[in-house]
Amino acid sequence: MINTDKVRLMTKCACYIKNEESKNLSIANFFKRDYVRWNVLKSLVSATLGYILLVLLFALCKYNEIFLVLNQLKYKEIVVIVLVGWLATMVIYFVIAELVYRHRFEQARPGVTEYYKTLKKIKRYYRVEKDNSPRMLDEEGDLNNDEFIDY
Amino acid sequence: MTNLLIIRDFLKAFFQRYERFLVPVVRFLYAMMVLIVFRNLFGYSDTLYEMPVVLAISFVCAFVPTGVIYIMMAIIAVMDVMNLSTQVALVLVIFFLVIYLLYLRFVPGKSWMVLVSMMLAIKLPCLVPLLAAMFVGPVAIVPAISGIVLYYFSIHARQLEPLINASTDDVSESQIPYLMTTLVGDKEMLLFIAVTAIIIMITYLIYKSSLRHAWFMAIVIGTALMIFMLLAGSMMIEDDISVFTILLGSLLSGAIAIVVQFFKGVLDYGRIEIVQFEDDEYYYYVKAIPKIHIAEKDVNVQKFNERDANSDDYE
């Protein structure tokens, strides 16, 4: 017979997996610090790529002027300016990413905790069902070897 | 008012019931509108905007997430601009990539905001900050500004077209510097960017405050400030934005924002969930329907004197 309470809990879990799986359940695999560090690292990489593209765009805008004074360019100064800009971008993105992913972890945690609590309840139902079920009998009506109890 | 509330509840129930079909339809229409706007803003390729192609692309977009729609639309815009010039297309690629790398990676669900902001910039630029503040918050400043920049990029790219067609060597060498110099020096664009950012912040702060009728005050103050800032700004930069356009655009945007606010709750419904799972004994196919309460017309008119007072009976 179908246990409606168990089905209700299973539906709750299935809905959670369907809607939140990609976002939140992956959080459960990480400790908070690891999750934040991993995502901050990814953000810094993408911010670096974005910065390189912006520098490239700037160079493309000025390439006529750059080409004319190619021999007189102060490469050291240019490299220093680009590096300082990159460092500033990294600091800004580090702070933003740290705040965003900390907040995201904190927000997702209650939902994930609730999901695992519901899973535990379902497990309990299974245990009760198993305990109350008639012992497994083989074709002759005897108890299976693994279910034999020696009184 | 009761009728409006009944309509709203009806719409809410309707959306809840047919969400599975409505979401793809809305995505289809959204993609189609973006493509039509692209045809007006860019439109350098004829084949990309033929009706069967537009319908096919929109059909595909109906079944993919909004982030994928953003990528598809970016590819289409770049392919289109390639017909004008490879250099201009390269700048557009960099724009789309920078928006993605520096912003959309953090807030992936807001990619639609870039394209909507771009679409509204054509006729109703004043609506962008109001809707952005109401629906998204300060996080919307970046995509709203990106949309405005993309719109002005398309205008300056079009101005470049006759120069490119003249095909002199000087022009082919200096397309990107010319485009970027005119874009960065466009004071009208800078004015709209500044106004959009400020209005989003102010409207959002009032909208989220605990004041009575905060949403109404936010829209009214936001609209009034926008009119003032645009008028003052256009006088300062000596731009030719007409006073009539600013007034009409802002007031219309305010009115649309009020209507949108009223129906905003329509989308705030519990979804019908269809899930499949199994245990050792059964396969389960469950359709979970949230309980809803539809307000009904609760008007009881009791007539105490049904006879006409002016009828002959009283004479």
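Two residues are taken to be in contact if their C-beta atoms, placed from the backbone, lie within 7 Å. Helices (H or I, at least four residues) and strands (E, at least two) are DSSP runs, numbered from the N terminus. The model is predicted: local features need pLDDT of at least 70, side-chain atom pairs count only at pLDDT 80 or more, and totals for chains, interfaces and linings use all residues. Residues are numbered from 1 along each chain as its sequence is written, and chains are lettered from A and ligands numbered from 1 in the order in which they are written.

The buried residues of helix 2 of chain A pack against helix 4 (75-132) of chain A, and also against helix 5 (86-104) and helix 10 (175-184) of chain B. A residue is buried if 20 or more other C-beta atoms, placed from the backbone, lie within 10 Å of its own. Among the buried residues of helix 2 are A:Val36, A:Asn39, A:Ser43, A:Gly50 and A:Cys61.

The contact between the chains draws 21 residues from chain A and 20 residues from chain B. On the chain A side, helix 1 (4-20) and helix 2 (32-61) each supply at least two residues. Helix 2 of chain A gives the largest share, 11 residues.

Chain B holds 13 helices and 2 strands. Of its 315 residues, 29% count as buried.

Definitions and conventions:
Buried ≥ 20, exposed ≤ 12 C-beta atoms within 10 Å, placed from the backbone.
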